[in-house]
Number of protein chains: 2
Amino acid sequence: MSNNDFNTRLFKHLDDHQKDYIQRLSDAVSIPSVSAWPEHRHEVVRMVDWTKSLLEKLGVKVELSDVGKQKIADGKEIDLPNVILGTYGNDKAKKTVLIYGHLDVQPAQVSDGWDTEPFVLTEKNGKLFGRGSTDDKGPVLSWLNVIEAYQQLNEPFPVNVKFCLESMEEYGSEGLEDLLKSLKNTFLSDVDFVVISDSYWLGKEKPCLQYGLRGICYFFLDVECSTKDLHSGCFGGTIHEAMTDLIALMSTLVDDQGHILIDGVYDEVAPLLPEEEQLYKPITFDTKAYCSEAGVEKTIQKEKEQILMHRWRYPSLSLHGIQGAFDGVGCKTVIPRHVIGKFSIRIVPNMKIATLEKLVEKHIQNIMKERKSPNKVSVKLEHGGDYWVADPNNPQYIAARKATVAVHGIEPDLTREGGSIPITLTFQEQTGKNVLLLPIGASDDGAHSQNEKFDIINYMNGMKVMGAYFQEIAKL
Amino acid sequence: MSNNDFNTRLFKHLDDHQKDYIQRLSDAVSIPSVSAWPEHRHEVVRMVDWTKSLLEKLGVKVELSDVGKQKIADGKEIDLPNVILGTYGNDKAKKTVLIYGHLDVQPAQVSDGWDTEPFVLTEKNGKLFGRGSTDDKGPVLSWLNVIEAYQQLNEPFPVNVKFCLESMEEYGSEGLEDLLKSLKNTFLSDVDFVVISDSYWLGKEKPCLQYGLRGICYFFLDVECSTKDLHSGCFGGTIHEAMTDLIALMSTLVDDQGHILIDGVYDEVAPLLPEEEQLYKPITFDTKAYCSEAGVEKTIQKEKEQILMHRWRYPSLSLHGIQGAFDGVGCKTVIPRHVIGKFSIRIVPNMKIATLEKLVEKHIQNIMKERKSPNKVSVKLEHGGDYWVADPNNPQYIAARKATVAVHGIEPDLTREGGSIPITLTFQEQTGKNVLLLPIGASDDGAHSQNEKFDIINYMNGMKVMGAYFQEIAKL
Ligand SMILES: [Zn+2]
Ligand SMILES: [Zn+2]
Ligand SMILES: [Zn+2]
Ligand SMILES: [Zn+2]
């Protein structure tokens, strides 16, 4: 039987079982597996156990990997949830695909502004509302539903699958990187491709594959003026206030066009070559929809290509806030003694974190040299995560493009993401293999917002693409 | 009997009863009358009742004045504590002195870093540690102890006294201004002088009288970029971020020498005339002690006179913080949608609040004209309080100077305060009479800090100055 014939059967089978898949997602969403709430840790564990049972029902060999403890408030420690390592098939003649996903969700409560109970999957106008529906329970279940469908159709599975399903993703993936490093020569050694479905389309209509992520360097800019907070009535006018220095320093970092003002920052940015520039032309991107999604009047750039390049392939600098200053409502006349400005720079090929760190330090030192201030000023890189970029012409991407055409009838856009999914790079480094980001949700799913949703059509088409993808991988 | 003879008897009597006065202060401090804690309101009421009993025991006619309700969280309302209006003596031949003070205290708990229980008055090395010891229970009791001493010595009291003792001072004196306005033609109509002991010496050794306070204009600088918070990975580089505008605007307000950069701000500041300049020369002020009190390495100005002038007679601008931005520990990659910069300008004679408001608005508008940003920016004067200044050669000041010499053997310094005590101006306006600030605590008492204390020597000498002051007032 040709693939096309099987696709027809598979897609019909999936369509026929839509209700079952919605019920399964409903069961998963009903477990409030919020990783950020330590008092909910038992729910996260329940979600891990629920998924383990489902995997085992499908014949997946499951190992629960203990990744240690998490420090919470007051010096207490609680267990991190186990990471699920699953193995499905072990045929040396077949390719092995590693699927990563996460079972934990962002916090949610009705009082945040939800129109429905966040942990009750609620169908309205073809949309499934609920926390975790699109991030990431829907995509994870899609993979499992596809395996089940192959089984119900008595179709031999075309590839070996490994699962790595964690449950701390929304709280920093604690323990995962170390685990993956320890698995390099065992669990990960025979992986041929890694695929991750934990991101979103660029718009609401057209599918895409993502081949790049920006990295991030998060800086703490620390200014201290005195050993205690001071009253601005008593001391204002005579003291070198920490906030005066901090605000002056922060104002030198970026201009009103989003241009970073730190000397040398753009030196290592990869030049825009004609073939890369060509990639942006065919991308479907509605700049008006982008504005309305962000809730802004207009963007800095006018053209589609320019907007996308500034999201994906140029660095940007955001001023996030200040720790230690007065942040409440109302009026407080404090001169804060110690303030920490928080800003981050999104980094892109071929910027080096170490270079950037030095440039930022030098910039701050240069500004302070010109200021007559005795205050203690320091800047430190609090966290650095590298950019990631894959070759969109890698065989795995070609396979996913064919699978997308088989379902949607159009080529997916080849896009990047402006944010970072740090584990992507870890998978690439620890397997040495190509990683594919295969989003199935729409841009307006609201992954971390109130009223998170997953469109039924995306759920269904997502499974179909995944089903076809496995066959395309088998042909490589 | 001459005053000097009576002073000798009075001072000895006070010295002989030191233990009683400490015990009385201990009783007052043991009532945790924290006005900022709604759940402690009954303790504030208990403090009012305790003081009422004491006043009545001394023969003061007391009226409790209901000043209405306070809105607290969740739309709830609770009763504001009554204001004590007391009348002691009604002899038309005598002058009438109105004494203001407050019975509420700042919040305090051991976990804030107190070395002793804040609501247990604890004597160590001649210091009485406890919340409210110096602010303002100590000074209030000093007035009452003096009245008691006159009675115990069978000495006719030289003046009529009125008391206005409130219990919301540490939380904005809600209700008091309206009350004073309503009392203008009744309770306040026959007042000759107002005296307030609710501030501190300039140093630890030398007494002072205060004749000026700076006012304050507190501004909210509001910038909005979008209808929701955005993720800097997704949107960074393409959006006019509110924080970029806000930080740029805030950086244009004040330079590294504390000079305000808003055009025209200094135009209305009273010129420094030679006779005013002379007032600064004799003041005892240890610039090193000032630095160590503030916990700073050095001040902006070097000379004593310059430091004092910049605290008292020149405006200053402090950047307090930002509401709506990320203010927590750690890293958060948010682009805040709506941020409010908080800054205040301390104002001095002859600055007008209305003028300043216009200058600030114009300044912000001018800066925004040069920025290419579509963001909504507005600045508003959230709160304006006028400066206050009295004539340090007014008869009441002369009287207090003589009383100080009688106790300390030296002339008090004539000083101002950099902060504001808004009620001072209200008393001056509603009585039309001279107001004297007569501090008795030392500069290191730590009124709003951990380990607030009141030195026994200041308690004792404070009462003596107060006792002598009444006699000097009677001679006017
Ligand atoms: Zn996710
Ligand atoms: Zn997420
Ligand atoms: Zn006070
Ligand atoms: Zn106070």
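With which side chain does the side chain of Asp198(A) make a polar contact? In this predicted model, the partner is the side chain of His102(A), at 3.2 Å; a polar contact is a pair of N or O atoms within 3.5 Å, where within protein one must be able to donate a hydrogen and the other to accept it, and residues adjacent in sequence count only if both atoms are side-chain atoms. Residues are numbered from 1 along each chain as its sequence is written, and chains are lettered from A and ligands numbered from 1 in the order in which they are written. Local features need pLDDT of at least 70, side-chain atom pairs count only at pLDDT 80 or more, totals for chains, interfaces and linings use all residues, and side-chain values use heavy atoms, with hydrogens and water left out.

Asp198(A) is placed in the loop between β9 (193-196) and β10 (208-213) of chain A; helices (H or I, at least four residues) and strands (E, at least two) are DSSP runs, numbered from the N terminus. With a relative accessible area of 9%, Asp198(A) is buried (buried, under 20% relative accessible area; exposed, over 50%; partly exposed, in between; 1.4 Å probe, protein chains only). Beyond its neighbours within four places in sequence, Asp198(A) is in contact (heavy atoms within 4.5 Å) with Tyr100(A), His102(A), Asp135(A), Asp136(A), Glu169(A) and Ile421(A).

An unreviewed UniProt entry annotates Asp198(A), His231(A), Thr333(A), Arg346(A), Ser420(A) and His448(A) as "binding site". These residues span 251 residues in sequence and their farthest two C-alpha atoms are 48.9 Å apart, so they do not all gather at one spot. UniProt positions are given in the numbering used here, feature names are shortened, and annotations may be inferred rather than shown by experiment. Thr333(A), in the loop between β13 (316-323) and β14 (334-335) of chain A, is partly exposed at 22% relative accessibility. Apart from neighbours within four places in sequence, its contacts are Leu230(A), His231(A) and Ser232(A), together with Ile216(B), Tyr218(B), His320(B) and Arg346(B) of the other chain.

Between the two chains, 74 residues of chain A are in contact with 74 residues of chain B. About 5800 Å² is buried between chain A and chain B, 55% of it on carbon and sulfur atoms; buried area is the accessible area (1.4 Å probe) that two parts lose on being put together, summed over both. In chain A, the most area is lost to chain B by Thr238(A), Asp256(A) and His320(A), together 10% of what that side buries. Thr238(A) and Gly237(A) are both touched by Gln301(B), a residue in the loop between α9 (287-294) and α10 (304-312) of chain B. Gln301(B) is buried, at 9% relative accessible area, and a polar atom of its side chain lies 3.0 Å from the backbone oxygen of Gly237(A).

Helix α11 (residues 353-370) of chain A has 18 residues and reaches 26 Å from its first C-alpha to its last. Its buried residues are Ile353(A), Leu356(A), Val360(A), His363(A), Ile364(A), Ile367(A) and Met368(A). They cover an arc of only 125 degrees around the axis, which puts them on the same side of α11(A); the arc is that of the directions from the helix axis to the C-beta atoms. The face turned away from the buried side of α11(A) carries the exposed residues Lys358(A), Lys362(A), Lys369(A) and Glu370(A). Among the elements covering the buried residues of α11(A) are β11 (215-224), α7 (242-250), β15 (338-347) and β16 (376-385) of chain A.

Methods. The expected span of a helix is 1.5 Å times one less than its number of residues.
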